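The stops below are meant to be taken in order.

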Amino acid sequence: MSMIGKKVGEFTAQAYHNGAFIEVTDKDFYGKWNVICFYPADFTFVCPTELEDLQEQYQVLKSLGVEVYSCSTDTHFTHKAWHDTSEAIGKIDYTMIGDPSHHLARLFEVLNEESGFAQRGTFIIDPDGIVQAMEINADGIGRDASALIDKIRAAQYVRNHPGEVCPAKWRESGETLKPSFDLVGKI
């Protein structure tokens, strides 16, 4: 089942952020753009490459008004231990949510019930708490965080320009389309 167009459900979770344990709730997702990046587990192989890549894009995402969260079914304590011992994860400035109860992974429909791990799911959430884009990859396929930037810019453009849509390979300042009867069969 798709999460597109759905409001993020209620949740409260513990997280690790900038040397402290904090609480994150669904209320934190309102009033700004958000990305939540689920991954299977701390202290693994593909996951640190993805999270480090996400950190490399973090300042660009922040400049677009986007807050970033990573989330696995590990605890916030495990996130701190990983942050303290891994060179790649030690660079992370965004919030790392712990989901040992699997509530968030189920809420976003990315929990592998057999393994108890989250799938590689990325969600773009608008300031109203509505999921605007999502991507879910198999465990062995890492994600490229730079691809998020164009998707977020397109989602922000469409939100700010009702009646317009962004075609394939759209880039900021590129041409958009205004869906109408006249375009049917002409593209």
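The tour below moves from the sheet to the helices and then to the cores and a few single residues. Keep in mind throughout that this is a predicted model.

Begin by selecting the strands of the open sheet, which is formed by 7 strands in the order 2-1-5-4-3-8-9 with mixed pairing. At its edges you will find strand 2 and strand 9 (131-137), each of which pairs on one side only. If you look along the sheet, neighbouring strands are turned against each other by 25 degrees on average, direction ignored.

**The hairpin at one edge**

Next select strand 1 (residues 12-17) together with strand 2 (residues 20-25), an antiparallel pair joined by 6 bridges. Within this pair, Gln14 stands opposite Glu23 in strand 2. The hairpin has 2 residues between the strands, and Asn18 takes a positive phi near 45 degrees there.

**Strand 5 and its two partners**

Now move to strand 5 (residues 95-98), the strand in which Thr95 is placed. On one side, strand 1 runs antiparallel to strand 5 and is joined to it by 2 bridges, with Tyr16 standing opposite Met96. Strand 4 also pairs with strand 5, but in the parallel sense and over 4 bridges, and here Ser70 is the residue that stands opposite Met96.

Which residues of strand 5 are buried on one side, and which on the other? Thr95 and Ile97 are buried on one side and Met96 and Gly98 on the other, so that both faces of the strand are covered. With Thr95 selected, show the residues around it: leaving aside neighbours within four places in sequence, Thr95 is in contact with Ala15, Tyr16, His17, Ile22, Val24, Val68, Tyr69 and Ser70. Thr95 counts as buried because its relative accessibility is 4%, which is under the 20% cut-off.

**Strand 3 and strand 8**

Further along the sheet, select strand 3 and strand 8 (residues 120-125), which run antiparallel and are joined by 4 bridges.

Helix 4, by comparison, lies across strand 3, strand 4, strand 8 and strand 9, and runs at about 145 degrees to strand 3.

While helix 2 is selected, pick out Asp84, which is found in this helix and is partly exposed, with a relative accessible area of 45%. A distance drawn from Asp84 to Gly5 will span 37 Å, C-alpha to C-alpha, between two residues that are 79 residues apart in sequence.

**Helix 1 against helix 4**

Select helix 1 and helix 4 together, and you will see that they pack at an angle of about 30 degrees with their axes 9 Å apart. The contact is made by Asp53, Leu54, Gln57, Val60 and Leu61 from helix 1 and by Ser146, Leu148, Ile149, Ile152 and Arg153 from helix 4. Coloured by residue class, the residues of this contact divide into 6 nonpolar, 2 polar and 2 charged.

In soluble globular proteins, nonpolar side chains tend to be buried together. In this model the largest nonpolar core has 24 residues, of which Leu51, Leu54 and Ile152 touch the most other members. Strand 3 (33-38), helix 1 (46-63), strand 4 (66-72) and helix 4 (146-160) each supply at least two residues of this core, and helix 1 gives the most, with 5 residues. Centre the view on Leu54, which, leaving aside neighbours within four places in sequence, is in contact with Cys37, Leu61, Val68, Tyr94, Ala145 and Leu148. A second, separate core of 21 residues includes Val8, Ala13, Phe38 and Leu111.

**A last stop in helix 4**

Finish with Gln156, which lies in helix 4. Is Gln156 buried or exposed? Gln156 is buried, with a relative accessible area of 13%. Its side chain reaches the backbone oxygen of Leu64 at 2.8 Å, and, leaving aside neighbours within four places in sequence, Gln156 is in contact with Trp33, Leu64 and Val66.

Note on methods
Residues numbered from 1 in each chain as written. Predicted model: local features only at pLDDT ≥ 70, side-chain atom pairs only at ≥ 80, totals over all residues. Heavy atoms only, no water. Buried < 20%, exposed > 50% of the residue type's maximum accessible area, 1.4 Å probe, protein only. Contact = heavy atoms within 4.5 Å. Core = buried A, V, L, I, M, F, W, Y, C linked by side-chain atoms within 4.5 Å. Pairing = 2+ DSSP bridges. Axes fitted to C-alpha atoms, helices over the stretch in contact; angles between N-to-C directions. Nonpolar A, V, L, I, M, F, W, Y, C, P; charged D, E, K, R; others polar. Polar contact = N/O pair within 3.5 Å; in protein donor to acceptor, adjacent residues only side chain to side chain.
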